[in-house]
Amino acid sequence: MSVDVILPCLDEAEALPWVLDRLPQGFRAIVVDNGSADGSAEIASSLGAVVVAEPRRGFGAACAHGLRTATTDVVCFCDCDATLDPRQLPLVAGPVLHGDADLVLGRRRPVARGVWPFPARLANRVLARRARRRTGIRVRDLGPMRAARRADLLALDLTDQRCGYALEMLVRAADAGWRVSEADVDYRPRIGRSKVTGTPRGYWQAVHDMRKVLAR
């Protein structure tokens, strides 16, 4: 088994050692540095990850660069802040590797109270409901841990450069008739400061980007 794991990264020096140390055998880290100023790229490289730079700021821009860099048939996406445990990547990648699904989303299950701030959890619930109406797919979480086949993802021709990328992936996959499923994964306290739910601007930007995707 060989799977590339795309890890968008912006100032995650504190979390990187924990994240990269927990990658299962057969899973290769591709860290996409999105303009870090804390030495994240150097730390990731020293720990054996493939590191590429994406100067255009945005989650979608970083994911797209990582996807172009990847070479394996199946790829995964995972946050780089330790909220998601890389040891659970096989739960998400497995159905794709075995041909049982075309896209698998990791459904986040908080491991303790307070891990998932209420505004972010509520926004995710509302957006997931709207995504179900738009796609007809019974999805309960728009979480960032996911797996699919690289060539199929490239064929979707995703264009969102910011926080709408993950939702655009789901919408276009549904329009293409993909088999989409979910797998439960732990959601943990992040290491370091959040760039999205940790700031009002980041939170509202994420909601705005996703609403734009659903309005297309």
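Reader: What makes strand 1 count as mostly covered?

Author: Strand 1 has 7 of its 7 residues buried. Buried means under 20% relative accessible area, with exposed over 50% and partly exposed in between (1.4 Å probe, protein chains only). Both faces are covered: Val-3, Val-5, Leu-7 and Cys-9 are buried on one side, and Asp-4, Ile-6 and Pro-8 on the other. By the way, this is a predicted model, where local features need pLDDT of at least 70, side-chain atom pairs count only at pLDDT 80 or more, and totals for chains, interfaces and linings use all residues. Residues are numbered from 1 along each chain as its sequence is written, and side-chain values use heavy atoms, leaving out hydrogens and water.

Reader: How do you know that strand 1 and strand 2 are paired?

Author: Two strands pair if DSSP finds at least two bridges between them. Here 7 bridges join strand 1 (residues 3–9) to strand 2 (residues 27–33), and the two run parallel. Asp-4, for one, has Arg-28 as its bridge partner in strand 2. Strands are DSSP runs of E, at least two residues long, and helices are runs of H or I, at least four, all numbered from the N terminus.

Reader: How many bridges join strand 1 to strand 4?

Author: There are 4, and these strands run parallel too. Val-5 has Cys-76 as its bridge partner in strand 4.

Reader: What is the strand order in the whole sheet?

Author: The sheet is open, with 7 strands in the order 3-2-1-4-6-5-7 and mixed pairing. Strand 3 (50–53) and strand 7 (180–187) each have a single partner strand, so one side of each lacks a neighbour in the sheet.

Reader: Why are helix 5 and helix 7 called roughly parallel?

Author: Their axes cross at roughly 20° and come within 10 Å. Axes are lines fitted to C-alpha atoms, for helices over the stretch in contact, and angles run from 0 to 180 degrees between N-to-C directions. Angles under 35 degrees count as roughly parallel, over 145 as roughly antiparallel, 65 to 115 as roughly perpendicular and the rest as oblique. So helix 5 is roughly parallel to helix 7.

Reader: Which residues meet where helix 5 and helix 7 touch?

Author: Ala-131, Arg-134 and Thr-135 in helix 5 meet Leu-167, Leu-170, Val-171, Ala-174 and Asp-175 in helix 7. Contact means heavy atoms within 4.5 Å.
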